[in-house]
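Morning, everyone. Please have the viewer open, and I'll walk through one structure in a few minutes.

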Amino acid sequence: MPAFADGAGFPYTDENCGVTTTYDAPPARAVTLSNNATEMMLALGLEDRMAGTSYMANLKISPQYEEAYNEVPVLSPLVATTEQLIEVEADFVYAGYPDGFSESRHTRDQLHDLGMKTRLNTEGCNLGKFGFDELYAEIRSVSAIFGVRERGEALIADIEKRLAAVEEDLKGADAIPVFIFNGGEAAPRAVLGNTMLSHVVSRAGGENIFGDVANRYGQVSWEQIAERMPEYVVVYYSGTAGGQVVGDPAGELGQGRIEILKANPTIGDVPGIVGERFVTIDSVWGQPGPSSIDAVEKLARAFHPERMGE
């Protein structure tokens, strides 16, 4: 890729999830439709280009972005509506999750017809494995759209440096079997192999016990979990706290999911349940974005405390 100074590189054509968009200049009034999209914008220093954010729900922005986040209007705790996007004169709408664009809310085509350009984080249309290489491509695309390519490369370099440090600390460590629980009481839902969170678990020295399933999310059985005997359980949720080990305030939904696991007799002998080795990860950290590296570091400290330290 050519080296561009910030502000250069236009016109820029973005190929994204089957949609081709040409930018003659950076967007000036962007709105994000998910928390990881919001953090991506803030990590690139683009708060001055944002007309609003949405879909943080009850979650909190990661601390390093809090000051910048407070400068941007919050349009809705849920996905901003078409009317809200029109009201703030959005010219670019960025979703980190597929449900940001839907028939029940607004499709990308409908927003295009209203003069708004759009982007979906590519994990949302991904059919294969997703990891840091794909996240780097996402960073490069967003930074190119806004004419801040050098900021994108700096963000990637920082993530790579931190990943290398974790890799060095974990050198020679055995991978620990991990179940990534995505809720469900009668039948459990799992985070499967084709997700950023599954990749994050592997980079943190774990092995997703359902990582061999080539899908993003899906239903499994309590018996399958018992057979695969995970040593740790990552509890994935949307609640009030981010990426915290049990013992810290975990948020009501995260703690509720832990109680479901502890109460189920079928998995009563699973080592991660017996030892209460749970780690909660909220959707700000579990979806691909700049906080994915924070999730790697947090999980590595949980899985391999003897190597990582504090």
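Let's start with alanine 90. At 8% relative accessibility, alanine 90 counts as buried, where buried means under 20% relative accessible area, exposed over 50%, and partly exposed in between, with a 1.4 Å probe and protein chains only. Alanine 90 sits in the loop between α3 (82–87) and β6. Helices (H or I, at least four residues) and strands (E, at least two) are DSSP runs, numbered from the N terminus. What is alanine 90 in contact with, leaving aside its neighbours within four places in sequence? Arg29, Val31, Leu85 and Met116. Contact means heavy atoms within 4.5 Å. Arginine 29 is 61 residues from alanine 90 in sequence, but 5.0 Å away in space, C-alpha to C-alpha.

A word on the source. This is a predicted model, with local features needing pLDDT of at least 70, side-chain atom pairs counting only at pLDDT 80 or more, and totals for chains, interfaces and linings using all residues. Residues are numbered from 1 along each chain as its sequence is written, and side-chain values use heavy atoms, with hydrogens and water left out.

An open sheet of 5 strands runs in the order β5-β4-β3-β6-β7, with parallel pairing. Two strands pair if DSSP finds at least two bridges between them. β5 (74–76) and β7 are the edge strands, each pairing on one side only. From one strand to the next, the twist averages 20 degrees. Axes here are lines fitted to C-alpha atoms, for helices over the stretch in contact, and angles run from 0 to 180 degrees between N-to-C directions.

Now the individual pairings. β3 (residues 30–32) and β6 (residues 92–95) run parallel, joined by 3 bridges. Threonine 32 stands opposite tyrosine 94 in β6. On the sheet packs helix α1 (residues 35–43), touching β3, β4 (50–54) and β6. The direction of α1 makes about 145 degrees with that of β4.

β6 and β7 also run parallel, with 4 bridges. There, phenylalanine 92 is opposite lysine 117 in β7. β6, helix α4 (residues 108–113) and β7 make a right-handed β-α-β unit. Right-handed means that, with the strands pointing away from the viewer, the path from the first strand over the helix to the second runs clockwise. α5 lies across β6 and β7, at about 165 degrees to β7.

Take isoleucine 139. Beyond its neighbours within four places in sequence, isoleucine 139 is in contact with Met40, Leu44, Gly152, Leu155, Ile156 and Ile159.

Of its 6 residues, 5 are buried, so β8 is mostly covered. β8 runs parallel to β10 (residues 206–208), with 3 bridges. Valine 178 has asparagine 208 as its bridge partner in β10. β8 also pairs with β12 (residues 232–237), in the parallel sense, over 4 bridges. Phenylalanine 181 has valine 235 as its bridge partner in β12.

How many disulfides does the structure hold? It holds 1. A disulfide is a pair of cysteine sulfur atoms within 2.5 Å. Cysteine 17 and cysteine 125 form this one, with sulfur atoms 2.0 Å apart. The two cysteines are 108 residues apart, and the pair links distant parts of the chain. Cysteine 17 is in the loop between β1 (12–16) and β2 (19–23), cysteine 125 in the loop between β7 (117–120) and α5 (132–145). Why is the disulfide left-handed? Because the torsion about the S-S bond is about -70 degrees. Cysteine 17 is partly exposed at 27% relative accessibility, and cysteine 125 is partly exposed at 34%.

Last, the backbone. Most residues other than glycine have a negative phi, and most peptide bonds are trans. Cysteine 17 has a positive phi, near 50 degrees. Methionine 229 has a positive phi of about 50 degrees too, and lies in the loop between α8 (222–228) and β12. The peptide bond from phenylalanine 10 to proline 11 is cis, with omega near 0 degrees. Proline 11 is in the segment before β1.
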